[in-house]
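Colleague: I'd like to learn how to read a model like this one. Could you walk me through it?

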Amino acid sequence: MSVISGKMIEAAAALRDTVERLLFSAPVSHTYNPLEYAWAAHELYLKKFATTRKRIVFLGMNPGPFGMAQTGVPFGEVTAVRDWMGLRAEVRKPAREHPKRLVQGFDCPRREVSGERLWGLFAQRFGTPENFSREHFVVNYCPLAFLSATGSNLTPDKLPARETAPLFAACDEHLRRVVEILQPEWLIGVGAFAHGKLSALMENQSAPRLAQILHPSPASPAANRGWAAAATRQLQQCGAWPVVEG
């Protein structure tokens with residue numbers, strides 16, 4: 001294991017333990033912390049792909065119920081993590097499991113569209129995860145997934161400020177640590193929420209450079225009209241990715 005991977009694992013473990021102690025009230029019915037019950041998979045992700053400094057770090061919001069909540073990997077669509085990245089590890093159960101949102105780990109049959117689109121673009125452009133990870137890394141801002149009583153997904157921006165204040169403080173500290181460890185030239189927010197967190201954290205700093213790409217969620221009409229092409233265009237226009245001819 002590289003020194004950088006070791007530091008990233010240490011930072012993720014600190015975040016895991018801090019947010020595990022937080023409590024949330026209605027409309028949150030269940031809180032999933034994949035850094036806890038899917039730690040083995042997340043640690044494997046860091047050991048394999050966070051081994052060196054990165055030129056570009058992509059930041060997502062928080063785990064999706066059929067992505068990182070199942071695999072422990074940001075935007076962790078099962079087939080992308082298992083078949084493209086070659087990762088598989090034990091995934092246990094959360095302390096309280098919602099009957100409509102079971103954690104099945106790498107056996108989850110549901111697809112995670114956002115992760116399918118994000119990792120699909122990277123697979124198409126770079127071929128192998130090793131090629132992608134030479135300069136790129138993907139991390140989520142918040143490690144927790146929130147479910148309502150009906151099992152619907154709740155994003156952290158919809159929760160009361162009194163409950164998100166300690167959560168976001170822990171997430172900010174982890175993000176600062178990630179930037180210190182990976183020393184990226186670019187921080188790319190996947191969607192407006194992530195970009196907003198990056199902007200606030202990096203305020204009055206000239207480096208790294210910040211940019212935003214369209215979130216790949218199927219809830220976004222724009223993302224459903226050719227997300228990969230739109231995201232690629234945004235990355236090329238800001239200068240993070242070169243234009244590939246042909």
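Colleague: What covers the buried residues of α8?

Modeller: First, a word on the source: this is a predicted model, where local features need pLDDT of at least 70, side-chain atom pairs count only at pLDDT 80 or more, and totals for chains, interfaces and linings use all residues. Residues are numbered from 1 along each chain as its sequence is written, and side-chain values use heavy atoms, with hydrogens and water left out. Helices (H or I, at least four residues) and strands (E, at least two) are DSSP runs, numbered from the N terminus. Buried means under 20% relative accessible area, exposed over 50%, and partly exposed in between (1.4 Å probe, protein chains only). Here the cover over the buried residues of α8 includes α1 (3–20), β2 (56–60), β3 (136–140), β4 (145–147), β6 (186–190) and α9 (192–201). Among the buried residues themselves are Glu 163, Leu 167, Phe 168, His 174 and Leu 182.

Colleague: Why does the span of helix α8 agree with its number of residues?

Modeller: The expected span of a helix is 1.5 Å times one less than its number of residues. Helix α8 (residues 161–182) has 22 residues and so should span 32 Å, and its end C-alpha atoms are 30 Å apart, which agrees. Just after α8, Gln 183 has a positive phi of about 50°.

Colleague: Which residues have the most contacts inside the largest nonpolar core?

Modeller: In soluble globular proteins, nonpolar side chains tend to be buried together. A nonpolar core is a set of buried Ala, Val, Leu, Ile, Met, Phe, Trp, Tyr and Cys residues joined through side-chain atoms within 4.5 Å. The largest one here has 80 residues, and Tyr 45, Phe 58, Trp 119 and Phe 122 have the most contacts inside it. The element that gives the most to this core is α8, with nine residues.

Colleague: What is Phe 58 in contact with, leaving aside its neighbours within four places in sequence?

Modeller: Contact means heavy atoms within 4.5 Å. On that basis, the partners of Phe 58 include Phe 122, Phe 132, Phe 137, Ile 188 and Trp 241.

Colleague: How do the residues of the lining of the largest pocket divide?

Modeller: On a 1 Å grid over the protein atoms alone, a pocket is an open set of points where a 1.4 Å probe fits, with protein on both sides within 12 Å along at least five of seven lines; lining residues have an atom within 4 Å of a point. The lining divides into 13 nonpolar, 12 polar and four charged residues, counting Ala, Val, Leu, Ile, Met, Phe, Trp, Tyr, Cys and Pro as nonpolar, Asp, Glu, Lys and Arg as charged, and the others, Gly among them, as polar. Ser 114, Asn 153, Thr 155, His 215 and Ser 217 lie nearest the pocket's centre.
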